[in-house]
Amino acid sequence: MSDRESTVEDYLVEQCKAHGILTRKVTWIGRSKAMDRLLVFGGLVVFAEVKSEVKGPKFPSNAHEDAQLREHERFRLRGADVRVVWLKSQVDALVREMVG
């Protein structure tokens, strides 16, 4: 099991590329707590928050992550699809869901 968020995020990017899903790193200008990735495919738009395999099951586990969760909820309340993934199997399921 990897304890690095970058391992899961790299896998997400690889799988998106392999399946034709457009992915972009997300940052907000003048605001923090943006989700990690924007995924676009076939009319679907998904924001993905990537956590490490160790921290994912505990999300949110600190003040920074509490603020991230509040940002997720602001988007969800307005109809956005925001997912939190920390396992390669979750990435695989998300990719399968998007490409059908």
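Welcome! Phe75 is partly exposed, with a relative accessible area of 24% (buried means under 20%, exposed over 50%, and partly exposed in between, using a 1.4 Å probe and protein chains only). This is a predicted model, in which local features need pLDDT of at least 70, side-chain atom pairs count only at pLDDT 80 or more, and totals for chains, interfaces and linings use all residues. Residues are numbered from 1 along each chain as its sequence is written, and side-chain values use heavy atoms, leaving out hydrogens and water.

**Aromatic rings**

- Phe75 belongs to one aromatic cluster together with Trp28 and Phe47.
- A search of the whole structure finds three aromatic pairs (ring centres of Phe, Tyr or the six-membered ring of Trp within 6.5 Å; planes under 30 degrees apart count as stacked, over 60 as edge-to-face and the rest as tilted).
- Trp28 and Phe47 make an edge-to-face pair, 6.4 Å centre to centre with 70° between the planes.
- That pair links distant parts of the chain, 19 residues apart: Trp28 sits in the loop between strand E1 (22-25) and strand E2 (37-41), and Phe47 in strand E3 (strands are DSSP runs of E with at least two residues, helices runs of H or I with at least four, numbered from the N terminus).
- Trp28 is partly exposed at 24% relative accessible area, whereas Phe47 is buried at 13%.
- The rings of Phe47 and Phe75 have centres 5.2 Å apart and planes at 70°, so this pair is edge-to-face.
- Because Phe47 lies in strand E3 and Phe75 in helix H2, their pair ties together parts that are 28 residues apart in sequence.

**Helix H2**

- Helix H2 spans residues 63-76, and its 14 residues reach 20 Å from first C-alpha to last, close to the 20 Å expected at 1.5 Å a residue (the expected span is 1.5 Å times one less than the number of residues).
- Its buried residues are Glu65, Ala67, Gln68, Glu71 and His72.
- They cover an arc of only 155° around the axis, which puts them on the same side of H2 (the arc is that of the directions from the helix axis to the C-beta atoms).
- Strand E3 and strand E4 (81-85) are among what covers these buried residues.

**Nonpolar core**

- In the largest nonpolar core, which has 14 residues, Leu12, Ile21, Leu39, Val91, Leu94 and Met98 touch the most other members (a core is a set of buried Ala, Val, Leu, Ile, Met, Phe, Trp, Tyr and Cys residues joined through side-chain atoms within 4.5 Å).
- Helix H1 (5-18), strand E3 (44-50) and helix H3 (88-99) each supply at least two residues of this core.

Methods. Contact = heavy atoms within 4.5 Å.
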